[in-house]
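Here are some exercises to work through with the model open beside you. Try each task before you read its solution.

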Amino acid sequence: MYQLNDDIVALATVAGRSAISVVRVSGKSSQSFYSKILRVSKSPTPNYVKLASLYNPKTKKLIDQAMVTFYKSPKSFTGEDCLEFSVHGGAVIANNLIGALISLGARGAMPGEFSYRAFINNKIDLLQAEAIASVIESTNDLDNYYSLSTIKGQLSKGIKKSHSILK
């Protein structure tokens, strides 16, 4: 089962060749990770994208120059403090960043763990959580349309409305 008290990190985009890779972090140490990876003492501005140099705090080596966004709880996907790094694509940079975050105390997230935390923190319901997996796996426009509609809460709203009419 998922652990809820630790910090998690994962690649949020497909691994491989691409223009960018997105690395996500969720947990109570997100703000501390921000300060250590960016080598700044100032607290991050929530929901603000910052262009910054990223460093491995252990080796002091430059990892990349990237776009970094800090999301303050509860205004994030998971409902926890979160960080999102948009780094240059390819495996090397993302892996170096993930390694640096793990060296600071984060652990690799298990599949679906970000969505699970969003569910546990009442940011999404179970239908929306399942729809996230469905939209990722969809292979045609119709499946994608219905999955996106469910993520937006349309199915949940319809069920709640039907349930209230039956009372």
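## Getting oriented

The chain exposes about 10,000 Å², of which carbon and sulfur atoms supply 57%; accessible areas come from the Shrake-Rupley method with a 1.4 Å probe, and for residues only the protein chains shown count as cover. This is a predicted model, in which local features need pLDDT of at least 70 and side-chain atom pairs count only at pLDDT 80 or more, while totals for chains, interfaces and linings use all residues. Residues are numbered from 1 along each chain as its sequence is written, and side-chain values use heavy atoms, with hydrogens and water left out.

## Exercise 1: the overall layout

**Task.** Describe the secondary structure of the chain and the span of its C-alpha trace along the principal axes.

**Solution.** 
1. Begin with the elements: the secondary structure comes to six helices and six strands. Helices (H or I, at least four residues) and strands (E, at least two) are DSSP runs, numbered from the N terminus.
2. Next, read along the sequence, where the pattern is β-β-α-β-β-β-α-β-α-α-α-α.
3. Along its principal axes, the C-alpha trace spans about 60 × 30 × 30 Å.
4. Now turn to burial: buried residues make up 38% of the 167 residues in the chain. Buried means under 20% relative accessible area, exposed over 50%, and partly exposed in between (1.4 Å probe, protein chains only).
5. Finish with contacts (heavy atoms within 4.5 Å). Among those between residues at least 6 apart in sequence, 53% join residues at least 24 apart.

## Exercise 2: the setting of helix H3

**Solution.** 
1. Locate helix H3 at residues 113–120; six of its eight residues are buried, so the helix is largely enclosed by the rest of the structure.
2. List the buried residues: Glu113, Phe114, Ser115, Tyr116, Arg117 and Ala118.
3. Then step past the helix to asparagine 122, found in the loop between H3 and H4. Asparagine 122 counts as exposed because its relative accessible area is 70%.

## Exercise 3: following the salt bridges

**Solution.** 
1. Start from the count: the structure holds seven salt bridges. Each is a side-chain nitrogen of Lys or Arg within 4 Å of a carboxyl oxygen of Asp or Glu.
2. Take arginine 107 and aspartate 6, whose side chains meet in a salt bridge at 2.5 Å, N to O. This pair links distant parts of the chain, with arginine 107 in strand E6 and aspartate 6 in the segment before E1, 101 residues apart.
3. Check accessibility: arginine 107 is partly exposed, with a relative accessible area of 22%, and aspartate 6 is partly exposed, with 22%.
4. Aspartate 6 also meets arginine 117 in a salt bridge, at 3.1 Å, N to O. Here too distant parts of the chain are linked: aspartate 6 precedes E1, arginine 117 belongs to helix H3, and they are 111 residues apart. Arginine 117 counts as buried because its relative accessibility is 0%.
5. Move to lysine 72 and aspartate 81, which meet in a salt bridge at 3.5 Å, N to O. Lysine 72 is partly exposed at 37% relative accessibility, whereas aspartate 81 is buried at 10%.
6. Close with the network: salt bridges that share partners join Asp6, Glu80, Arg107, Glu113 and Arg117.

## Exercise 4: backbone geometry worth a look

**Task.** Where is the cis peptide bond, and what is phi at lysine 60 and asparagine 122?

**Solution.** 
1. Recall the background: most residues other than glycine have a negative phi, and most peptide bonds are trans.
2. Find the bond from serine 73 to proline 74, which is cis, with omega near 5°. Proline 74 lies in the loop between E4 and strand E5 (82–88).
3. Go to lysine 60, where phi is positive, near 70°. Lysine 60 sits in the loop between strand E3 (49–55) and strand E4 (62–71), and is exposed, with a relative accessible area of 54%.
4. Return to asparagine 122, where phi is also positive, near 60°.
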